[in-house]
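Subject: Structure for your files, with notes

Hello,

The structure is pasted below, and my notes on it follow. Please read them with the model open beside you.

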Amino acid sequence: IMTFRILDKLGMDASSISKIISAIGNHDESTASPVSPISAALILADKSDVRRSRVRQQNSADFDIHDRVNYAVTYREVVFEDNVFTLHLEIDNGICSIMDYFEIFMNRMILCKKACEYLKIQFSLVINGTKMM
């Protein structure tokens with residue numbers, strides 16, 4: 001609703017607004033599905049966004065598992081070449097394990113893979129130098 005109001009006030013045409021609203025509505029993890037190139041791009045952008053600076057909590061003792069996983073990511077890079085979308089991560093195993101990462105982010109990575117399939121490209125995940133998918 002907020003997006004509709006903002007885009008409408010900015011003068012965007014109804015067709016473009018509906019494409020963007022549809023993409024937003026189809027990127028939630030519990031119901032997500034890439035239904036358009038815009039929704040696939042939004043899924044890739046949102047679900048691959050894991051990084052230390054996302055953690056707002058200052059005291060590590062108060063971190064939930066999402067905070068721990070995000071905080072553990074010391075390096076993140078997205079590379080697109082040769083029709084492959086690759087998410088490169090370096091995870092500090094002293095803060096969280098790779099298994100913790102997958103416990104929280106497995107569904108997100110599956111969505112990234114589906115988004116890439118929709119776009120007819122490949123998805124690749126590299127964690128601490130090891131290709132996972």
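N128 is partly exposed, with a relative accessible area of 28%; buried means under 20% relative accessible area, exposed over 50%, and partly exposed in between, with a 1.4 Å probe and protein chains only. N128 sits in the loop between β3 and β4 (130-131), and has a positive phi of about 50° although it is not a glycine. Most residues other than glycine have a negative phi. D82 is also not a glycine, and its phi is positive at about 55°. D82 lies in the loop between β1 (73-81) and β2 and counts as exposed, at 73% relative accessibility.

Before the rest, the ground rules. This is a predicted model, in which local features need pLDDT of at least 70 and side-chain atom pairs count only at pLDDT 80 or more, while totals for chains, interfaces and linings use all residues. Residues are numbered from 1 along each chain as its sequence is written, and side-chain values use heavy atoms, with hydrogens and water left out.

Overall layout

The protein chain has 5 helices and 4 strands. Helices (H or I, at least four residues) and strands (E, at least two) are DSSP runs, numbered from the N terminus. In order from the N terminus, the elements run α-α-α-α-β-β-α-β-β. Of the 133 residues of the protein chain, 35% count as buried. The C-alpha atoms fill a box of roughly 50 × 40 × 25 Å, taken along the principal axes.

Aromatic rings

How many aromatic pairs does the count come to? The count is 4 aromatic pairs, where rings of Phe, Tyr and Trp (its six-membered ring) pair if their centres lie within 6.5 Å; planes under 30 degrees apart count as stacked, over 60 as edge-to-face and the rest as tilted. One of them joins F63 and Y71: the ring centres are 5.3 Å apart and the planes stand at 55°, so the pair is tilted. F63 is buried, at a relative accessible area of 14%, whereas Y71 is partly exposed at 31% relative accessibility.

F85 and F123 make another of the pairs, with centres 6.1 Å apart and planes at 25°, so this pair is stacked. F85 lies in strand β2 (residues 84-91) and F123 in strand β3 (residues 122-127), so the pair ties together parts that are 38 residues apart in sequence. F85 is buried, with a relative accessible area of 9%, and F123 counts as buried at 10% relative accessibility. Elsewhere, Y101, F102 and F105 form one aromatic cluster.

Y71 has a charge on its face as well: R52 lies over the ring, at 3.9 Å from the ring centre. For this, NZ of Lys or CZ of Arg has to be within 6 Å of the ring centre and within 35 degrees of the ring normal.

Cysteines

The structure holds 0 disulfides, a disulfide being a pair of cysteine sulfur atoms within 2.5 Å. C116 is in no disulfide either, with the sulfur of C112 the nearest, at 6.7 Å. C96 is buried, with a relative accessible area of 2%, and C116 counts as buried at 0% relative accessibility.

Other positions

K114 has its place in helix α5 (residues 98-118) and counts as partly exposed at 42% relative accessibility. The C-alpha atoms of K114 and I43 are separated by 9.2 Å, with the two residues 71 apart along the chain.

E77 is found in strand β1 and is partly exposed, at 34% relative accessibility. E77 and M109 are 32 residues apart along the chain, and 15 Å separates their C-alpha atoms.

I6 is in helix α1 (residues 2-9) and is partly exposed, at 49% relative accessibility.

Regards
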